[in-house]
Amino acid sequence: MPAKIIIGGGADEIRMGLVENGRLTEYLVERTAEQHLVGSIFKGRVCNVVRGIQAAFIDIGLEQNAFLYLGDTMDVTEGQSVIVQISKDARGTKGPTATRELTLPGRYAVLLPHADYVGISRKINDKAEKERLNAIYNAVRPAGMGVVVRTAAAGVAAELLEQDVAELLAAWKVLAAREKVAKAPCLLRRELDLPIRIVRDYLRPQLQEIVIDDLAIYKRVEELLKQLPQSKNLKLTLYQGLEDIFAYNKQQEAVAGISDRHVPLPSGGYLVIDYTEAMTVIDVNSGKFSGRENLEETIMQINREAAAEIALQLRLRDIGGIIVVDFIDMHTDEHKKEILGVLQHSLAGDKMHPKVQDITVLNLVEITRKKSRQNLSSVLYATCPTCDGSGRVQSRETLALEVKRRLRSLLKRRGSAKSLLVVANPWLSQWLLAKDIRAWERELACTIKVEADSSLHVESFMILDNTGVDK
């Protein structure tokens with residue numbers, strides 16, 4: 001399918017969007033103030049070995065130590081220096097995750113300094129081309145090192161493939177030399193910034209255009225593309241308009257919709273996407289769609305649309321970890337098998353290689369998707385200061401009854417004032433004035449005045465009398 005990359009640059013952040021068939025399918029944001037560490041290589045110092053979880057915590061010179069899973073080997077000791085590569089960015093209170101299986105990605109291949117094999121991208125299907133690439137890389141890869149051949153290597157001349165490996169080997173020698181003299185903890189190699197990584201990782205025959213609104217980024221990408229023969233038909237555009245680059249390319253609505261809990265389906269059904277600490281839950285609903293034929297066919301149409309849309313939403317929102325999907329109930333194994341097939345086919349182009357488990361008797365499907373960076377939602381959004389992330393606050397009826405209970409308790413005190421002031425957020429104060437106060441005055445035999453204070457939390461209020469404040 002035809003694809004286009006949109007890159008919006010700036011001093012504070014860089015945004016990247018992948019558009020396929022006119023629809024935004026991936027969206028990445030990197031902020032200058034937030035370090036993206038995945039792919040970077042450090043010389044770290046082992047701070048703590050925790051045998052109960054078969055892991056060690058590594059000081060890499062940053063605020064948070066990196067987590068290194070050791071498995072059954074447990075071959076490190078406290079104070080030892082180790083070379084690690086970051087495989088997952090820090091998330092909340094959790095530090096970054098590290099591995100000792102180092103990789104150096106190039107334009108056409110990935111060098112594995114501590115492996116000893118040749119792997120070829122599963123997306124290269126031609127048998128003759130696989131054999132050609134296997135022969136080339138087995139001949140040029142350094143002894144005792146491995147190579148994973150990228151999809152971009154298909155059809156590329158042997159000389160360019162060999163040059164790419166030579167550059168990766170030179171980079172590894174520089175890194176190894178630096179490691180010998182460097183004192184832990186320190187950074188040995190930083191991964192490339194977002195625009196260059198995007199071009200390196202997303203360059204394929206379907207990519208027709210790259211649009212960039214920053215001149216410095218445009219020039220760097222232009223220089224990179226000059227070195228890639230397969231990019232000769234790729235259009236590189238410098239956008240200089242006043243309108244935001246995503247709005248100009250008609251993708252602003254798609255970007256804004258990334259946070260939506262409800263996602264509409266073409267038939268009129270919809271998805272509901274909820275996030276928890278442990279997993280993401282997606283519920284498929286029929287909405288107002290009643291179909292034109294029998295009930296089972298109506299259900300199948302909605303589930304087919306949902307399966308395709310779920311695959312897109314996982315990429316667009318960069319949802320990782322465990323995802324549980326609740327499809328509308330299907331009653332035959334044939335229909336369940338069909339929906340699983342649609343889901344797996346739709347997920348085939350995802351670089352995170354999601355794995356789909358079988359469907360349960362309750363029509364639940366579990367999907368696992370690799371998580372390497374901060375979830376997009378945690379980059380773009382913060383926990384709501386009003387509901388503290390729960391999505392709910394107490395209703396005004398509940399709060400009003402609590403105010404009344406407090407008033408009644410206060411009035412029972414000896415010598416309490418009979419003229420009281422209730423101060424509340426406007427959301428609650430307007431409700432009290434419209435619904436309850438006059439009736440309360442008659443019931444409690446007192447005078448009650450209500451004032452609004454927008455600085456108060458919606459669930460907070462104050463009751464004042466001549467003795468002070470009762471919160």
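## Packing of H3 against H4

In this predicted model, helix H3 (residues 194-202) and helix H4 (residues 215-226) are roughly parallel to each other, since they pack at an angle of about 30° and angles under 35 degrees count as roughly parallel. The axes of H3 and H4 lie 10 Å apart, and the crossing in which H3 passes H4 is right-handed.

On the H3 side, the residues that take part are Pro195, Ile196 and Val199, which meet Ile217, Arg220, Val221, Leu224 and Leu225 of H4.

## Val221 and the nonpolar cores

Val221 belongs to the largest nonpolar core, which has 49 residues, and together with Ile5, Tyr137 and Ile210 it touches the most other members. Beyond its neighbours within four places in sequence, Val221 is in contact with Pro195, Ile196 and Val199, and also with Ile210, Ile212 and Leu236. Another core, of 28 residues, lies apart from the largest one and includes Ala311, Leu314, Met330 and Val365.

Met145 is placed in the loop between helix H1 (127-140) and strand S12 (146-149). With a relative accessible area of 11%, Met145 is buried, because buried means under 20% relative accessible area.

When neighbours within four places in sequence are left aside, the contacts of Met145 are with Leu111, Leu112, Pro113, Ala115, Asp116, Tyr117, Leu169 and Trp172. Ala256, by comparison, is 111 residues from Met145 along the chain, and the C-alpha atoms of these two residues are separated by 45 Å.

Conventions:
Residues are numbered from 1 along each chain as its sequence is written. This is a predicted model: local features need pLDDT of at least 70, side-chain atom pairs count only at pLDDT 80 or more; totals for chains, interfaces and linings use all residues. Side-chain values use heavy atoms; hydrogens and water are left out. Axes are lines fitted to C-alpha atoms, for helices over the stretch in contact, and angles run from 0 to 180 degrees between N-to-C directions. Helices (H or I, at least four residues) and strands (E, at least two) are DSSP runs, numbered from the N terminus. Angles under 35 degrees count as roughly parallel, over 145 as roughly antiparallel, 65 to 115 as roughly perpendicular and the rest as oblique. A crossing is left-handed if the near helix is turned anticlockwise from the far one by less than a right angle, and right-handed if clockwise. Contact means heavy atoms within 4.5 Å. Buried means under 20% relative accessible area, exposed over 50%, partly exposed in between (1.4 Å probe, protein chains only). A nonpolar core is a set of buried Ala, Val, Leu, Ile, Met, Phe, Trp, Tyr and Cys residues joined through side-chain atoms within 4.5 Å.
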